[in-house]
Each structure stands twice: as structure tokens, then as C-alpha cells.
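Good morning, colleagues. Please look at the structure on the screen while I go through its charged contacts and one part of its surface.

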Amino acid sequence: MKNLSVFSLAANDHLVQPEEFTDVDAHTSALAIFTDFRSHKPHMLDSRLEASEALEVMLAEDVKTKLVVDDNKEFIGVISQDDLADHNLLLRQMALHVKRDELLVRDLMHARANIRAIDYSQLQQATVADVVSTMKKSHQEYLLVVDKDAHHIRGIVSSREIARRLHTPVEIEKELTFIDIFTAVKVH
């Protein structure tokens, strides 16, 4: 066995963050912007958590998106800070005829059936530009990454993380829903 040298920190030793580096560009391997659940624990919320509490947790942790799990820690959906915004809470509250403090994460999440994913083997061959293009074409701010052979939800890529690493905005146009069109027509 080899002994490693131990030393004291210098006064100017700085704690680095990924966004401080400029080593990622459009031609970089997509694996550089991939959050791999083999080495990073997924950000999760219990589906029974109150919506207002979930927003507090996400704000405190500075996390924009979390996976939603059931009692057995199985993936059932995704929720974002935007999903927990006041106007979405109000719309869902009216639709479900419940009080605001009765809204749960499961009432506001994007269900598993509606979540889009890409195959891990494709991600391994892709560039950051390929992922951004895919996200834009599919109107997805995040994509789950699945190892199809093992049936593992292996990780996630998000436009927010890509933008942080590229030091430039990554704009993903949201796909219009009926409620978006109805709201726009009603306002005008």
C-alpha cells in the first residue's frame, strides 16, 4: 500500500463549482452534462408531500426539478419549481376543488407516462449540441436517460445544467397545451 501526502490548505485554495470552468462546449461529449444516478443520488420528493412544502425544499436546495417517488421509492413522475408556481397551484386547486394546503406533489407532477427519455447508449455517442437539439425538438427542459438493456432510469440531462456549463442560455420553447391556448385567447 502507498501512503499519500497530507497537507494543510493554503489560504488561497478555492472551492470550485462546475460552472467556473469553460471545458464544455457544443462539441463536448454529452456525458459531461449528464447527471448519472450511479454516482449521484437523484433529487427526489415523496408524492404525498404538500405542494407548498415541496417548493420550500426545492428553493432551499436550489434544485429546479425533482423526481417524484411513491412509498416504495419507485419513480412515478417529475415536478419542477414552475409546476409549483402560484398560478399552477390555483388552477389545480380549482380543478380538484380542494384547499391550497391539500394540494400534494402528486397532484401537480408530470406523470411517468408523459415523461420523455433517451437511451444511455445513444447519449454515450452524442454531443452536448445533439442533446440540446433533441430537447428543443421535443420541447423538453429535461430528459431522463434510460439504460434500456437493464431497464434502469440511469440519470437525467437538464437544460438548466447545460446552460450553466455552457455559460449561455438554453431556451426550450414549451409545447402549447389547450390550457395555454385557452388562457391566451381569454386574456385577449
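Predicted model: local features only at pLDDT ≥ 70, side-chain atom pairs only at ≥ 80, totals over all residues.

**Salt bridges and a nonpolar patch**

Arginine 48 has a relative accessibility of 47%, and that value makes the residue partly exposed.

Which residue does arginine 48 meet in a salt bridge, with the closest N and O atoms 2.8 Å apart? The partner is aspartate 71. Arginine 48 sits in the loop between β2 (44-46) and α1 (51-61), whereas aspartate 71 sits in the loop between β3 (65-69) and β4 (75-80), so this contact ties together parts that are 23 residues apart in sequence. Aspartate 71 has a relative accessible area of 56% and is therefore exposed, the cut-off being over 50%. This pair also belongs to a network of salt bridges, in which Asp46, Arg48 and Asp71 are linked.

How many salt bridges does the structure hold? The number is eight.

One of the salt bridges joins the side chains of aspartate 23 and arginine 165, at 3.6 Å from N to O. Aspartate 23 belongs to the segment before β1 (35-36) and arginine 165 to helix α6 (residues 159-166), so the pair ties together parts that are 142 residues apart in sequence. Are these two residues buried or exposed? Aspartate 23 counts as exposed, at 52% relative accessibility. Arginine 165, in contrast, has a relative accessible area of 12% and is buried.

I turn next to glutamate 61 and lysine 66. These two residues form a salt bridge as well, and their closest N and O atoms are 2.6 Å apart. Lysine 66 is buried, because its relative accessibility of 4% falls under the 20% cut-off. Glutamate 61, with 43%, counts as partly exposed.

Which residues make the nonpolar surface patch of about 280 Å²? They are Leu90, Leu91 and Met94. Leucine 91 is part of helix α2, which runs over residues 86-96. The relative accessible area of leucine 91 is 41%, and the residue is thus partly exposed.

To review the pairs, aspartate 23 meets arginine 165, arginine 48 meets aspartate 71, and glutamate 61 meets lysine 66. Beside these pairs, I have shown you the nonpolar patch that includes leucine 91. Thank you for your attention.

Technical notes
Residues numbered from 1 in each chain as written. Heavy atoms only, no water. Salt bridge = Lys/Arg side-chain N within 4 Å of Asp/Glu carboxyl O. Helix = DSSP H or I, 4+ residues; strand = E, 2+ residues; numbered from the N terminus. Buried < 20%, exposed > 50% of the residue type's maximum accessible area, 1.4 Å probe, protein only. Patch = residues over 30% accessible without salt bridge, like charges linked within 9 Å, V, L, I, M, F, W, Y side chains within 5 Å. Areas by Shrake-Rupley, 256 points an atom, 1.4 Å probe, with all protein chains shown as cover.
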